[in-house]
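Dear colleague,

Here is the structure I said I would pass on. My notes follow below it.

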Amino acid sequence: MTQHEASSRSGEQPQPAEGAGPSDGVRPGGEAVPDGLWTKCSECGEMLYQPEALDELYVCRHCGHHKRLTARERIAITADAESFQEHDAGMRSSDPLGFPGYRDKLGEDEARTGLREARVWGECAVEGMPTVLAVMDFSFRGGSMGSVVGEKFARAAERAIERRVPLLVFACSGGARMQEGIVSLLQMAKTTAVVSRMARERVAFIAVYTDPLTAGVFASFASVADVAIAEQNALIGFAGPRVIEKAFNIKLPPGSHTAEFQSEHGMLDMVVPRRGLRPLLVRLLRMLSPDSEEGIE
Ligand SMILES: [Zn+2]
């Protein structure tokens, strides 16, 4: 059973394809094809054959656009097939502030994404190496960090310490979960505290910044990883570019919030295209696993 089959069997609803429009289902040239087989690249508008999407790592073969991935898609292209064992899959927010309309919004996102929260974590193998994997999903409440997202990160880190295996995190987020107020902000302290414990215990933490990564999540656990990698063209920054331009009445330089810009200014270790990401992670996991004989050069 593939990861995709696993996720659909666990009740995940299929996501609307990025850039899907009324012309979907028509092969270039006008020939009709079954629904869902073709989708349009949101960047260049070329038609993409959906059954090949996983093999292509959801990268447009025409223009190289990296589609924003759901947590399930990310796990499918990262973990060895059938190796991912999810933990705390049913954990839900308790709506600690009784925020008006919050429960309804959570319910809507649950129905649309098949997820219970904006982070999925579990244990898996990557090229045979045991790894604790935690993946954020922007399609659930904009990947915002509330109590469950923070708690799942802390549990993943504690599991990595307990098993003495590296923690691999894919981070994307719009920031703190406003509907959880101070409880949301407390997650910043909790997650950075557990990262400090990982450092003391000498257990490696690798963070991959994916599109988009901003605000409290960028500023808390993601920025204190041992190795910080970004996926090509990801939007990365503390405050979004429009917010800064409005607040200070200035014009930002072009590309100021790209992974490449952050890398040039020392905020990242490296930027890689999706195609190169897994081979890089395999190499890092090999070097950073506690029983590694390869070591860091
Ligand atoms: Zn394209």
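How many helices and strands are there in the protein chain? There are 9 helices and 10 strands, where helices (H or I, at least four residues) and strands (E, at least two) are DSSP runs numbered from the N terminus. This is a predicted model: local features need pLDDT of at least 70, side-chain atom pairs count only at pLDDT 80 or more, and totals for chains, interfaces and linings use all residues. Residues are numbered from 1 along each chain as its sequence is written.

Of the 297 residues of the protein chain, 38% count as buried. A residue is buried if 20 or more other C-beta atoms lie within 10 Å of its own, exposed if 12 or fewer, and partly exposed in between, with C-beta atoms placed from the backbone. Two residues are in contact if their C-beta atoms, placed in that way, lie within 7 Å. Among contacts between residues at least 6 apart in sequence, 65% join residues at least 24 apart.

The largest nonpolar core has 62 residues; such a core is a set of buried Ala, Val, Leu, Ile, Met, Phe, Trp, Tyr and Cys residues joined through C-beta atoms within 7 Å. Leu133, Leu167, Ala171, Ala207 and Tyr209 touch the most other members. Leaving out residues up to four places away in sequence, the contacts of Leu133 include Ile75, Phe84, Trp121 and Leu168.

Helix α5 covers residues 181-201. Just after α5, Arg202 takes a positive phi of about 60°.

Some backbone details remain. The peptide bond from Asp211 to Pro212 is cis, with omega near -10°, and Pro212 lies in strand β7 (residues 205-214). Leu57, in the loop between β2 (47-49) and α2 (71-78), has a positive phi near 60°. Asp88 has a positive phi near 55° and is found in the loop between β3 (85-87) and α3 (102-113).

Regards

Technical notes:
The expected span of a helix is 1.5 Å times one less than its number of residues.
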